[in-house]
Amino acid sequence: MRTIELKTATRTSRVHVGEGLGDLSRWLPAGRCVVVTDRDVLALHREDLPACPTLAIAAGEAAKSLATVEELYEALLDLEADRGTFLLGVGGGVVSDIAGFVASTFLRGLSFGFVPTTLLAQVDASVGGKNGVNFQGYKNLIGTINPPQFVLCDLRFLRTLPEAEVANGMAEIVKHALIADAGMFAYLEENAGRALALEPAVIERLVGDSVAIKSAVVAGDEREAGERRKLNFGHTLGHALEKTLGLPHGEAVSVGMVMAGAISVRRGMLSRKGFDRMARLLERLRLPCAAAAPLERVADALRRDKKRAARKLHLVLLAEVGRAVVEEVGLEELEELVAGHPEILRPAAAGGSP
Ligand SMILES: NC(=O)c1ccc[n+]([C@@H]2O[C@H](COP(=O)([O-])OP(=O)(O)OC[C@H]3O[C@@H](n4cnc5c(N)ncnc54)[C@H](O)[C@@H]3O)[C@@H](O)[C@H]2O)c1
């Protein structure tokens with residue numbers, strides 16, 4: 001088992017990564033605990049959950065709403081939860097985002113922890129303290145920054161994960177290696193097949209390395225003033241593709257990373273060899289390097305992105321494999337760069353997609 005500490009202004013949070021962390025109830029603090037999960041995770045893993053009152057929300061992104069938050073507040077009132085109640089979120093990123101938000105706001109704050117059950121939640125969503133819900137079509141518009149007391153990454157949960165969910169987590173793992181750790185990237189190159197097969201020893205190392213990288217970045221910049229932006233590598237363009245093409249998150253981020261890599265090469269930063277290594281690894285992990293995209297709509301989505309108050313945005317580029325830099329890019333320049341890479345974003349008519 002590997003334990004990674006995340007020290008922030010408000011607390012030290014510990015993330016434990018191990019194949020099977022045993023009876024989860026032994027990790028809970030003394031006192032009352034309430035589990036928050038989703039109905040699919042409950043159906044698959046009921047016997048793995050600690051014996052506590054359990055609140056199950058609907059599965060999927062649509063449940064990440066203020067309506068679900070209210071539902072949980074009401075259930076906590078019914079259970080007569082008090083300031084001593086500990087909330088344990090067991091599930092994917094939707095559950096950790098919502099459980100963290102409810103715990104941070106109910107009675108002005110309960111203690112809480114997470115048992116992430118998707119690869120994406122283990123390597124990304126459960127780490128870093130951001131909790132929140134979507135509002136009026138905007139993702140994560142309402143939320144808090146408040147880290148959990150602990151996170152338990154028990155890899156046994158991943159055995160029931162559908163392939164598409166594995167791909168979502170894998171894209172974030174590649175992102176972490178690309179922005180911060182050339183050694184991890186080389187390890188991924190050597191073990192891509194074993195990683196895809198979710199071999200415990202390989203996945204344990206990759207989850208641990210990812211958590212360590214995200215924790216280090218967040219510790220230096222909890223509120224996203226600088227360094228934390230590097231975690232957005234592939235995501236600015238990825239979100240635009242997610243919105244316009246409805247691509248799954250992992251696939252969109254994968255194409256977004258290829259795009260950002262191509263821009264890095266064009267700007268004379270990343271070498272062609274580095275770019276090719278990135279593209280080859282993504283392909284071996286069955287992640288796409290190109291998409292058929294209606295360029296006008298992608299540009300539109302970039303323009304409308306809620307984070308883009310000004311005409312300039314911060315785009316994460318690669319100086320080399322394992323080192324990211326944040327550069328200011330004008331929106332027009334970005335649109336030109338996007339349009340200038342038809343090998344990655346093929347005009348929709350040619351590709352036949354929407
Ligand atoms: N707070 C953050 O820093 C942060 C970072 C990244 C992503 N997120 C958020 O995380 C969410 C995405 O997380 P996600 O990809 O885990 O999605 P998710 O929570 O919707 O889970 C995906 C699906 O997998 C199912 N599932 C969960 N565990 C399973 C298991 N072990 N076996 C089989 N099925 C299982 C779920 O029921 C769900 O249907 C988004 O809302 C995103 O905004 C938050």
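Student: How many nonpolar, polar and charged residues does the shell around the ligand have?

Tutor: Ala, Val, Leu, Ile, Met, Phe, Trp, Tyr, Cys and Pro count as nonpolar, Asp, Glu, Lys and Arg as charged, and the others, Gly among them, as polar. Here the shell has 9 nonpolar, 7 polar and 10 charged residues. Keep in mind that this is a predicted model, where local features need pLDDT of at least 70, side-chain atom pairs need 80 or more, and totals for chains, interfaces and linings use all residues. Residues are numbered from 1 along each chain as its sequence is written, and side-chain values use heavy atoms, with hydrogens and water left out.

Student: Which residues come nearest to the ligand?

Tutor: "Near" needs a heavy atom within 4 Å. Of the 26 residues around the ligand, the nearest are Glu61, Gly93, Thr117, Thr118 and Thr160.

Student: Is Arg228 buried or exposed?

Tutor: Buried means under 20% relative accessible area, exposed over 50%, partly exposed in between (1.4 Å probe, protein chains only). Arg228 has 3% relative accessibility, so it counts as buried. The Arg228 side chain also reaches the backbone oxygen of Gly128 at 3.4 Å.

Key
Polar contact = N/O pair within 3.5 Å; in protein donor to acceptor, adjacent residues only side chain to side chain.
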